[in-house]
Amino acid sequence: MVYFKFPFSENICTTDSSSTKKWVSFFSFDGSEILPFEGDIKQISQQEFLKNEINTHFLSFNLNGFEEENQNDYQEKLANVIGFIKQNNLSKLVISRRELLNYNGLKINLTQTFLNLCKSYPNAFVYFFIKEGKCWMGAFSEILGKFNKKNSQFETMSLAGTISVNDNWTKKEIEEQKPVTNFIRNVLGKFSENMEQSETYDHVSGNIKHLRTDFKAQITQENLENIISELHPTPAVCGIPKDLCQNAIEQFEKYPRKLYAGYIKVETEEYIQYFVNLRCAEFFKNAALIYVGGGITAESSVEKEWQETELKAEAILKNVAFT
Ligand SMILES: C=C(O[C@H]1C=CC=C(C(=O)O)[C@@H]1O)C(=O)O
């Protein structure tokens with residue numbers, strides 16, 4: 001089963017298994033895994049959603065033998081990453097870690113946690129699914145693509161750079177967002193002659209904010225999947241050049257990102273939308289892993305980058321409901 005909420009909507013949606021059409025699919029970061037959900041999309045009321053509490057005791061698998069990276073380990077790794085960035089003259093490389101949430105014998109009310117995320121992030125795409133023993137939940141507002149089937153308009157955004165809502169932007173974040181914007185402009189330029197780019201502005205997401213630039217372009221539907229595969233993974237979740245950065249991520253992180261930093265495709269009558277899967281967690285019977293990362297540049301401070309991942313983890317953790 002899958003439940004989700006579109007940005008700026010309060011309606012909870014699910015899929016109705018009477019149809020075999022696949023309107024909702026999750027794509028892993030490295031493209032090796034696709035998790036489709038069969039059925040037409042339908043809305044359900046909050047009462048209906050709350051009828052059966054789903055908690056972590058229902059899940060099939062325990063998380064065993066997981067060793068969490070502590071602040072020191074992570075900062076040491078980032079120091080090596082910065083060396084690699086300088087050596088290869090990279091504008092940025094996005095590195096992540098997994099924060100452990102141990103339930104300490106308690107259980108998590110997943111239905112309530114999903115509702116808390118919906119309330120905390122009205123501008124986000126929020127989802128929750130259990131399938132084949134896997135359980136993930138996430139809430140984020142970055143759009144990889146939104147295609148309007150009626151007028152063939154394609155929208156996307158460059159979203160990067162993170163600070164606490166009350167802080168001021170520094171050169172580091174401004175320089176970190178630029179390669180994302182340039183990358184998107186180059187890709188869209190190959191497929192469209194009329195592209196519009198907005199000013200760069202603040203995008204608030206709970207306790208933090210990002211820099212954001214919007215794009216609109218006229219495209220043809222036949223090119224949609226090509227555009228998505230050229231865009232993904234954008235330098236907001238990977239880096240450029242893509243292949244070198246994807247390899248470096250594998251070397252430095254030493255674990256598969258699975259669905260983190262992948263995307264979710266949702267097709268409705270009017271739109272085909274692709275949401276970037278960040279601020280997400282993988283739930284097990286006894287513990288959960290929160291996936292958090294950040295864009296590292298030659299100017300990064302390893303301590304600030306650690307704090308940034310703490311802030312991002314907090315965005316999920318403060319919404320978790322224990323029963
Ligand atoms: C990779 C993540 O965030 C991306 C999206 C927005 C801001 C980012 C940053 O400031 O590093 C990242 O590019 C994450 O949240 O795990």
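I started with G161 and looked up its contacts (heavy atoms within 4.5 Å). Leaving aside residues up to four places away in sequence, G161 touches W169, E173, E176, K209, H210 and L211.

This is a predicted model, so I note that local features need pLDDT of at least 70, side-chain atom pairs count only at pLDDT 80 or more, and totals for chains, interfaces and linings use all residues. I number residues from 1 along each chain as its sequence is written, and side-chain values use heavy atoms, without hydrogens and water.

I placed G161 in strand β10, residues 153–164; strands are DSSP runs of E, at least two residues, and helices are runs of H or I, at least four, numbered from the N terminus. G161 is buried at 2% relative accessibility (buried is under 20% relative accessible area, 1.4 Å probe, protein chains only).

Next I checked helices α4 (residues 171–191) and α5 (residues 224–231). Their axes come within 10 Å and cross at roughly 155°; axes are lines fitted to C-alpha atoms over the stretch in contact, and angles run from 0 to 180 degrees between N-to-C directions. That makes α4 roughly antiparallel to α5 (over 145 degrees). In α4, F183, I184, V187, L188, K190 and F191 meet N226, I227, E230 and L231 of α5.

Last, I looked for disulfides (cysteine sulfur pairs within 2.5 Å). I found zero. The sulfur of C13 is too far for a bond, because the closest cysteine sulfur, in C118, is 10 Å away. For C238 the closest is in C245 at 5.3 Å, also too far. C13 is buried at 5%, and C238 is buried at 0%.

How values were computed: Parallel < 35°, antiparallel > 145°, perpendicular 65-115°, else oblique. Buried < 20%, exposed > 50% of the residue type's maximum accessible area, 1.4 Å probe, protein only.
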